[in-house]
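The exercises below ask you to work from atoms to contacts, one step at a time. Please try each task before reading its solution.

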Amino acid sequence: CNTNGGGITLTLPATPNLGDTITFYDIAKTFDSNSLTVARNGKNIQGDSSNLTVSTESAAFSLCFSGDTYGWRIFSI
C-alpha cells in the first residue's frame with residue numbers, strides 16, 4: 001500500500017471465503033504520517049465491528065478470514 005500521497009482506505013471483500021488471506025505492507029514507509037484504513041465491509045476485524053486504522057511506519061501484516069464470529073483475524077505481522 002502506498003500512502004505517500006495521503007491516507008488511503010482499502011475495503012475488504014463483502015463475501016469472503018473461510019481462509020481467504022490478504023497481505024498489506026507499507027511500501028513507502030508513510031503509514032505514520034498518512035495512515036491506512038482497512039474498511040471491514042460488514043465483517044468483523046479481530047471480533048470488533050470497527051474499521052482497522054494502521055499508523056505504524058513500515059507495518060506489514062496479513063488478515064485471514066476466520067468466519068462471521070471473529071471475522072478477519074491478524075494472521076501474521
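**Exercise 1.** Determine which residues D26 touches, leaving out those up to four places away in sequence, and decide whether D26 is buried or exposed.

*Solution.* In this predicted model, D26 is in contact with C1, T3, F31, T56, E57, S58 and A59, once residues up to four places away in sequence are not counted. Next, locate the residue: D26 belongs to the loop between β2 and β3. One of its contacts, S58, is 32 residues from D26 in sequence, yet the two C-alpha atoms are 4.9 Å apart in space. Finally, the relative accessibility of D26 is 5%, and because buried means under 20%, D26 counts as buried.

**Exercise 2.** Find how many aromatic pairs the whole structure holds, and classify the pair formed by F24 and F61.

*Solution.* The search of the whole structure gives 2 aromatic pairs. For F24 and F61, the ring centres are 5.0 Å apart and the planes make an angle of 20 degrees; since planes under 30 degrees apart count as stacked, this pair is stacked.

**Exercise 3.** Count the salt bridges, and state which parts of the chain the pair of D68 and K43 links.

*Solution.* The count comes to 1 salt bridge, in which the side chains of D68 and K43 meet at 2.9 Å, N to O, a distance to be compared with the cut-off of 4 Å. The pair links distant parts of the chain, with D68 in the loop between β5 (60-65) and β6 (72-76) and K43 in the loop between β3 (36-39) and β4 (52-54), 25 residues apart. D68 has a relative accessible area of 56% and is therefore exposed, as the threshold for that class is over 50%.

**Exercise 4.** Work out the strand order of the open sheet of 3 strands, and say which strands are at its edges.

*Solution.* The order is β1-β3-β4, and the pairing is mixed. The edge strands are β1 (8-11) and β4, each of which pairs on one side only, and from one strand to the next the twist averages 20 degrees. Between β1 and β3, which run parallel, there are 4 bridges, and T9 stands opposite T37 in β3.

Methods. Residues are numbered from 1 along each chain as its sequence is written. This is a predicted model: local features need pLDDT of at least 70, side-chain atom pairs count only at pLDDT 80 or more; totals for chains, interfaces and linings use all residues. Side-chain values use heavy atoms; hydrogens and water are left out. Helices (H or I, at least four residues) and strands (E, at least two) are DSSP runs, numbered from the N terminus. Buried means under 20% relative accessible area, exposed over 50%, partly exposed in between (1.4 Å probe, protein chains only). Rings of Phe, Tyr and Trp (its six-membered ring) pair if their centres lie within 6.5 Å; planes under 30 degrees apart count as stacked, over 60 as edge-to-face and the rest as tilted. Two strands pair if DSSP finds at least two bridges between them. Axes are lines fitted to C-alpha atoms, for helices over the stretch in contact, and angles run from 0 to 180 degrees between N-to-C directions. Contact means heavy atoms within 4.5 Å.
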